[in-house]
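Take a look at the structure below.

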Amino acid sequence: MTIAFFGELMLRLSPPGRELLLQTPVLQVNVGGAEANVATGLACLGHKVRMVSAVADNVLGAAVIGELRRRGVDTATVVSEPGRLGLYFLTPGAGLRASEVVYDRAHSVFADRAADAWDWDAALDGATRLHLSGITPALGPNTAAAAIAAAEAATARGIPVSFDGNYRAKLWEAWDSDPRGVLTQLIGHADILFGNHRDVSLLLGKSFSGEGSDRRREAAEAAFAAFPKLQLIASTARHVQDADSHRIAARVDTRAGGHQTDEVLVAGIVDRIGAGDAFAAGVLHGLLEGGDARAAAESGLALTALKHSLPGDASLFTRADLAAFDAGGMDVRR
């Protein structure tokens, strides 16, 4: 069983510790990319994953490919072409100061690649699922068309599609885009959606009046009614106390009902970036292991909570780490 992931591969540059960007002339580098983060998280849990992307044909692109391979991701369908690799800069939050992202990804190899340049026969060969996110179509008309083509190719081959909303207003606003129209097409192919009531509101152009779990269930039922193929919706509820302490719960809705976990306090946060991708990896892991809505929600919560303790964009935790989290042991494991 191989899950294929289509999306941009990037480098993240961030100052050391909790410094402001370029406060000192030092930047730390990590490999990033929403879809790649989910792929890496699943690979570390022992699942077969394949990345479909394009990187710059230079030392930066080679470093990204090398890092994914080191984590167990199949990169045979990552192409290297002349051009630039997308970058983004992160200023980490601290206390009451929020984190801030600056994108430098315009006209990257991935963003500028023609929509008809992708080989979907090779990309989806033997795949049992295709995973996409809303970041890819937000990058521009080429990637929007490519994401739709990927979803259509998967559907034509009977391959289920999972989709993570990942709405990025800054990216959509940078070009003459139609977010609702594009995202509606993509989610129309999906059986799994990672998103909350705000994502559903954007898609359907309506608000939901309930509170907490009632509002999320109301939104889920509206999404199920609008998208016949959709079978499962997964989301987190996050209450931010400050940059170092968040309270998080996970929820999974199916057409038959839903399950919401209790909140956990995630304190002493090291790095929040990629936590949503870790949640997606955890949910998919729970489902791949044959779990129900409860198991998927709890697996997603465990992996997203653990990711907050790890620098970098991707979850690198194993099944043993998940088991230790579930057991509740916070002391040194010897």
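**Two helices in contact**

Ser299, Ala302, Leu303, Ala305 and Leu306 in α12 meet Asp321, Leu322, Phe325 and Asp326 in α13. Contact means heavy atoms within 4.5 Å. Helices (H or I, at least four residues) and strands (E, at least two) are DSSP runs, numbered from the N terminus. This is a predicted model: local features need pLDDT of at least 70, side-chain atom pairs count only at pLDDT 80 or more, and totals for chains, interfaces and linings use all residues. Residues are numbered from 1 along each chain as its sequence is written, and side-chain values use heavy atoms, with hydrogens and water left out.

- The residues of this contact between α12 and α13 divide into six nonpolar, one polar and two charged. Ala, Val, Leu, Ile, Met, Phe, Trp, Tyr, Cys and Pro count as nonpolar, Asp, Glu, Lys and Arg as charged, and the others, Gly among them, as polar.
- α12 packs against helix α13 (residues 319-327) at an angle of about 100 degrees, and their axes are 10 Å apart. That makes α12 roughly perpendicular to α13. Angles of 65 to 115 degrees count as roughly perpendicular, under 35 as roughly parallel, over 145 as roughly antiparallel and the rest as oblique. Axes are lines fitted to C-alpha atoms, for helices over the stretch in contact, and angles run from 0 to 180 degrees between N-to-C directions.

**A residue of α12**

- Threonine 304 is found in helix α12 (residues 293-307).
- Threonine 304 counts as buried because its relative accessibility is 1%. Buried means under 20% relative accessible area, exposed over 50%, partly exposed in between (1.4 Å probe, protein chains only).
- Neighbours within four places in sequence aside, threonine 304 is in contact with Ala275, Gly276, Ala278 and Phe279.

- Five of the five residues of β2 are buried, so β2 is largely enclosed by the rest of the structure.
- In a regular strand the side chains alternate between the two faces of the sheet.
- Both faces of β2 are covered: Met10, Arg12 and Ser14 are buried on one side, Leu11 and Leu13 on the other.
- β2 and strand β3 (residues 28-32) pair in the antiparallel sense over five bridges. Two strands pair if DSSP finds at least two bridges between them.
- Leucine 11 stands opposite valine 31 in β3. Leucine 11 also stands opposite leucine 87 in β6.
- Strand β2 (residues 10-14) pairs with β6 in the parallel sense, over four bridges.

**Strand β6**

- Strand β6 (residues 86-91) is mostly covered, with six of its six residues buried.
- Gly86, Tyr88 and Leu90 are buried on one side of β6, and Leu87, Phe89 and Thr91 on the other.
- β6 and strand β7 (residues 100-104) run antiparallel, joined by five bridges.
- Threonine 91 has glutamate 100 in β7 as its bridge partner.

**Two residues of β5**

- Threonine 77 is found in strand β5. Threonine 77 counts as buried, at 17% relative accessibility.
- The side chain of threonine 77 reaches the backbone oxygen of methionine 51 at 2.7 Å.
- Beyond its neighbours within four places in sequence, threonine 77 is in contact with residues including Arg50, Met51 and Ala122.
- Serine 80 is found in strand β5 (residues 74-81). Serine 80 counts as partly exposed, at 37% relative accessibility.
- Leaving aside neighbours within four places in sequence, serine 80 is in contact with Val55, Asp57 and Ile65.

How values were computed:
Polar contact = N/O pair within 3.5 Å; in protein donor to acceptor, adjacent residues only side chain to side chain.
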